[in-house]
Amino acid sequence: MQSLELFEAPVLPSRQRLGPAAMVLRKFALPYMQEAMPAIEAIAAAAPFRHMETPGGFTMSVALTNCGALGWTTDRQGYRYTPLDPSSGEPWPAMPEVFARLASKAAEAAGFVDFEPDACLVNRYAPGARLSLHQDKNERDYGAPIVSVSLGMPAVFLFGGHARTDPTVKVPLHHGDVVVWGGVDRLRYHGVMPLKDEPHALLGSQRINFTFRKAG
Ligand code: MD3
Ligand code: FE
């Protein structure tokens, strides 16, 4: 059955170092996708993706939602983590067990043991959406890593330094790629270039990124 082998070939993950404590795990998330896709749909049904406003008064081009005990939000008052979805007043959907397992296994593969995230920010990019250079510094404990999972259309990720004006390295991220960063790389500036429309076989003209954090 030669022709079937192409479809049954096992996933061969590979690692690529971005910094002393930052690692790309190519295709690491693929074996989890059959379980994770319905979980993402359930989260989006309970807490729909929305475009939030920044403290500066801009509306984000990226739409977002959350799962887990805490969810990241922004409005005119600032950026913060909240236990309730401000749109519904209800708790964010629980973190699916498959998400927690994926996050913990990816962190472990990058050298961070016992990662137990309490927050998962889910970003959805349509063509043209972007994320300008920023640091993730609303979390209480910078000792824990952040784990990011990319799905759907490819994106060019910008990996900068500790000052906004430091040079950036462009890292293409594809469906199933996982990035783990912590330690000395935890507070690096980073962003995502405007998304090109290169429809993905499963997800169509969108990119979904989820980032697991220890926020509280
Ligand atoms: C940060 N999300 O939600 S995560 C965010 O693709 C966010 O949606 C992006 O930044 C997204 O806050 C990127 C991936 C990532 C990878 C490596 C990093 C973020 C990083 C290295 C250092 C700092
Ligand atoms: Fe970020």
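Me: Hi! Where is the place of K27?
Reply: Hi! K27 sits in the loop between β2 and α2 (33-46). Helices (H or I, at least four residues) and strands (E, at least two) are DSSP runs, numbered from the N terminus.

Me: Thanks! Anything to know before we go on?
Reply: Residues are numbered from 1 along each chain as its sequence is written, while chains are lettered from A and ligands numbered from 1 in the order in which they are written. This is a predicted model, where local features need pLDDT of at least 70, side-chain atom pairs count only at pLDDT 80 or more, and totals for chains, interfaces and linings use all residues; side-chain values use heavy atoms, with hydrogens and water left out.

Me: OK, back to K27. What is its phi?
Reply: The phi of K27 is near 65°, which is a positive value in a residue other than glycine. K27 is partly exposed, because its relative accessible area is 43% (buried means under 20%, exposed over 50%, and partly exposed in between, with a 1.4 Å probe and protein chains only).

Me: Which positive phi does D114 have?
Reply: D114 has a phi of about 60°, although D114 is not a glycine. D114 belongs to the loop between α3 (97-109) and β6. With a relative accessible area of 69%, D114 is exposed.

Me: What about R26, is it buried or exposed?
Reply: R26 has a relative accessible area of 16%, so it is buried. Its place is in strand β2 (residues 22-26).

Me: And what does the side chain of R26 make a polar contact with?
Reply: With the side chain of Q16, at 3.0 Å. A polar contact is a pair of N or O atoms within 3.5 Å; within protein, one must be able to donate a hydrogen and the other to accept it, and residues adjacent in sequence count only if both atoms are side-chain atoms. Leaving out residues up to four places away in sequence, R26 also touches others, including V171, P172 and L173; contact means heavy atoms within 4.5 Å.

Me: New topic! Which residues are the protein donors of the iron ion (ligand 2)?
Reply: They are H134 (NE2), D136 (OD) and H190 (NE2), lying 2.0 to 2.2 Å from the iron ion. D136, in the loop between β7 (131-134) and β8 (146-152), and H190, in strand β12, are 54 residues apart, so this pair links distant parts of the chain. Donors are N, O and S atoms within 2.8 Å of the metal (3.2 Å for Na, K and Ca); water is not among the atoms, so sites may look incomplete.

Me: Are D136 and H190 buried or exposed?
Reply: D136 is buried, with a relative accessible area of 7%. H190 counts as buried too, at 8% relative accessibility.

Me: What stands opposite H190 in β12?
Reply: F159 does. β9 and strand β12 (residues 190-192) pair in the antiparallel sense over three bridges; two strands pair if DSSP finds at least two bridges between them.

Me: How many bridges join β9 to strand β10?
Reply: Five bridges join β9 to strand β10 (residues 169-173), and the two run antiparallel. One of the partner pairs is L158 with K170 in β10.

Me: Why is β9 largely enclosed by the rest of the structure?
Reply: Because four of the five residues of β9 (residues 155-159) are buried.

Me: Last one: where does A119 lie?
Reply: A119 lies in strand β6 (residues 119-125). A119 counts as buried, at 1% relative accessibility. Not counting residues up to four places away in sequence, A119 touches C67, L70, Y81, M95, T211, F212, R213 and A215.
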